[in-house]
Amino acid sequence: MGSKPWLQPAPTYRTLETYWDSDEDAPGPRCGHTLTAVAATKTHGPRLILFGGATAIEGGASSSAPGIRLAGVTNSVHSYDVLTRKWTRIRPAGEPPSPRAAHAAAAVGTMVVFQGGIGPAGHSTDDLYVLDLTNDKFKWHRVVVQGQGPGPRYGHVMDLVAQRYLVTVSGNDGKRVLSDSWALDTGQKPYVWQRLNPEGDRPSARMYATASARSDGMFLLCGGRDSSGAPLADAYGLLMHRNGQWEWTLAPGVSPSPRYQHAAVFVGARLHVTGGALRGGRAIEGEAAVAVLDTAAGVWLDRNGLVTSSRTTKGHAEYDPSLELMRRCRHASASVGVRIYIYGGLRGDMLLDDFLVAENSPFQSDINSPILTPERAANLSSPRFNQLNLSSFGATASDDGQEFSSSGGMSMNKNSMEKLREASAAEAEAANAVWQAAQAASAVPAEETSVSDDNSPATETASDASDNEADVRLHPRAVVVAKEAVGNLGGMVRQLSLDQFENESRRMIPSNNDLSYPTKKFARQRSPQGLHKKVISTLLRPRNWKAPANRRFFLDSYEVGELCYAAEQIFMQEPTVLQLKAPVKVFGDLHGQFGDLMRLFDEYGFPSTAGDITYIDYLFLGDYVDRGQHSLETITLLLALKIEYPENVHLIRGNHEAADINALFGFRIECIERMGENDGIWAWTRFNQLFNYLPLAALIEKKIICMHGGIGRSIHSVEQIEKLERPITMDAGSIILMDLLWSDPTENDSIEGLRPNARGPGLVTFGPDRVTDFCKKNKLQLIIRAHECVMDGFERFAQGQLITLFSATNYCGTANNAGAILVVGRGLVIVPKLIHPLPPPMQSPETSPEHVADDTWMQELNIQRPPTPTRGRPQPDLDRSSLAYI
């Protein structure tokens, strides 16, 4: 690979041992089936659904007749639990599809849609059958589609594009090989198939091709067999423009081999292609049996690296068992996270029942695809495994006329998407709902968590620190920008002793710790240039940024999708707990107060080559959205900076980076008001899918741990956090995630142990004894967390072993608090740097319309959702049932 070390070769597949209770639960040998990844639900982890296929063959070597004939076509359904590695045959209620093979399937949230195929009675109908896996009672539904559709066919392809459009292409209708393409809008009733007339380089007629939808909305068609029986080596991307026009684009690169009856699935920007057949049904052998089309780089790769010419001959390479394993056709593949799974297939005249797995390169390419231009559609990520879905997919159930719909795994009830705008339930109730879901999904009861976790050694965090390493200590003076914004004192910077911060210091007794911790280097992949440049040039204006007068956001939904996709590729590569080196600037809650972010950048340096990014990292502790009036600017700029400086700008998740929460507290409404209802909901959904990939904590020099909330009752070791796998939704994340994002310290150092948290039932506060024990066990010296508004912008707890950090000033327009950042120097001396709230503008409302708009926005939010009480300032009892506690 030479000059391009970031082009990772194709992976090696291995056999995966699986389990089942009875022979009936095992899928057994088969080919011509489908394997589809389904998102986790409240009661199940991610699953693979295997459906249909042929389970026997006739003819072959023992027969006098030439060739083989597939037999034993079935409509059985088998579910594979990714977490337990167990197969189970399921028997859903309702009328199932007829037995079939060579059909097509696609996941829609927690449902699987099936169409077409061929069975013992000939072609299957073109009806859409939906297998609903949302609840424990699995059920078949037949979708009523009006008008003309693709018609009966087999050997075709289908997938969900942009999380909305069910697209099917090519196949054979029994008379001829087809080249047509159809789309069904799952968000628009009544359901209607639309025959597409795409622009661009159209693929030729073909059957037995493969197709997979990239998570940003590109549908990639690969290979196949033409009408003369010749295998094809080309690949085409299908995308929809913002004006609704579809377009085909020929993918660049040289394929290792033409092929048909192969399998392909996306992981990130890499399409993993396996197996297949050549003319006459001869299986592809050797290195060409495993290939990757890197759509970001526009190249094909095999296990040796970059492919520059087709390799259709077997060659004289040494026997390789792993490649012999891949000599198969008519198999099926799916992906969950970074893993690619393959089941069954046909090798010669032998049906296969093995289950294979491989992992995509941890250094997968980022997106700035030659196929995908900035004007193209972009949407949700984690290909084939989506926990958030923009549009419900309905199906007419049965004679009772009930309608079936899914929220696509958003952990909300069927009507919640429409109810969110009118939501007026208490924040405590919202927190409780998330808590209840997490508790239900947790495999370990809350009361048992501490028992099991105490016995697990913190092996990742324990190491031998050298005696001469610096200890973490808080500088005795903080840097403060004067409150006065005008006159001779405007912008003056002062240093104040920490003793002068009356609010900050009244709840703890300062002391120093003597623990030490070594460093661990962690390198990240750099991303190519892209749309993020536009975002940075537009928004990163620390000294002269002004809010748009009409509040219209400058990006459209497709640009938001592309920005999210590029950032997501970086987050997918990062560990759940980041490993950082000092110096680092740490930021607390921003809550959409973009003006405060610009002020902090202006006063204390900003992430740019013209600023200080070359010698200091930036770490943001979550809660980027909600409450404030410029959540869109805040999150898009931070994502753009992450793409531009992936090794220097770091984001972790807050409790407001969750759909169930930011639907209620401003972000969803802001997206709708500033981008329009359709684009706004689309963008809001896309952001929340991205949030599921955010890292959850950060270690600085292995001595300081940074998180959003706290350690609660369940977190006893850093390793527990490291074991949380992403993408992760709030309700699927167990008690550990709830504590990490929601818990708070007790009111002061005199209150030890665990106490109920006023935010809601099931949430806790933790005392200074818990902080001391956690730091001692993990050889840490300091916890930096956010999550609570504090009057001086920072506040010490547990004799200085924990600092709460809050960066937004005058939170919700009522708290009158300062905002702060913490600068962790190379010697691990921590300097707080503060800004005070700005006084009201001197302009009249007539000359400052944007200020009036901002005030109106804040007032309306506060009326509907009163702000969280500032830490240490009790809320009146009459407000305890309000929307205050989040």
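A cavity is here a set of grid points, on a 1 Å grid over the protein atoms alone, where a 1.4 Å probe fits but cannot get out. In the structure, which is a predicted model, five cavities of 30 Å³ or more are found. The volume of the largest cavity is about 500 Å³. Its lining comprises 27 residues, of which His33, His103, Ala209, His262 and His331 are the closest to the centre. Two or more lining residues are contributed by each of strand 3 (34-38), strand 9 (104-108), strand 16 (157-161), strand 21 (210-213), strand 25 and strand 30 (332-336). In composition, the lining of the largest cavity divides into 13 nonpolar, twelve polar and two charged residues.

Two of the residues closest to the centre of the largest cavity, His33 and His331, also occur in the surroundings of Gly345, which is in contact with both. Gly345 belongs to strand 31, spanning residues 339-347. The relative accessible area of Gly345 is 0%; because this value lies under 20%, the residue is classed as buried. Although Gly345 and His331 are 14 residues apart along the chain, their C-alpha atoms are separated by 3.7 Å.

Strand 29 is joined to strand 28 (residues 299-302) by two bridges, the two strands running antiparallel. Leu301 has Leu306 of strand 29 as its bridge partner.

A further open sheet consists of three strands in the order 44-46-45, with mixed pairing. Strand 44 (744-745) and strand 45 (754-756) form the edges of this sheet, each pairing on one side only. Between strand 45 and strand 46 (residues 764-766), which run antiparallel, there are three bridges. Within this pair, Arg755 has Thr765 of strand 46 as its bridge partner.

Helix 14 covers residues 734-742 and is mostly covered, nine of its nine residues being buried. Among the buried residues of helix 14 are Ser734, Asp739 and Trp742, together with Ile735, Ile736, Leu737 and Met738.

Definitions and conventions: Residues numbered from 1 in each chain as written. Predicted model: local features only at pLDDT ≥ 70, side-chain atom pairs only at ≥ 80, totals over all residues. Heavy atoms only, no water. Helix = DSSP H or I, 4+ residues; strand = E, 2+ residues; numbered from the N terminus. Buried < 20%, exposed > 50% of the residue type's maximum accessible area, 1.4 Å probe, protein only. Contact = heavy atoms within 4.5 Å. Pairing = 2+ DSSP bridges. 1 Å grid on protein atoms, 1.4 Å probe; cavity = no way out; pocket = protein on both sides within 12 Å on 5 of 7 lines; lining within 4 Å. Points joined across faces, edges and corners; volume = space filled by probe spheres on them. Nonpolar A, V, L, I, M, F, W, Y, C, P; charged D, E, K, R; others polar. Lists of a residue's contacts leave out its neighbours within four places in sequence.
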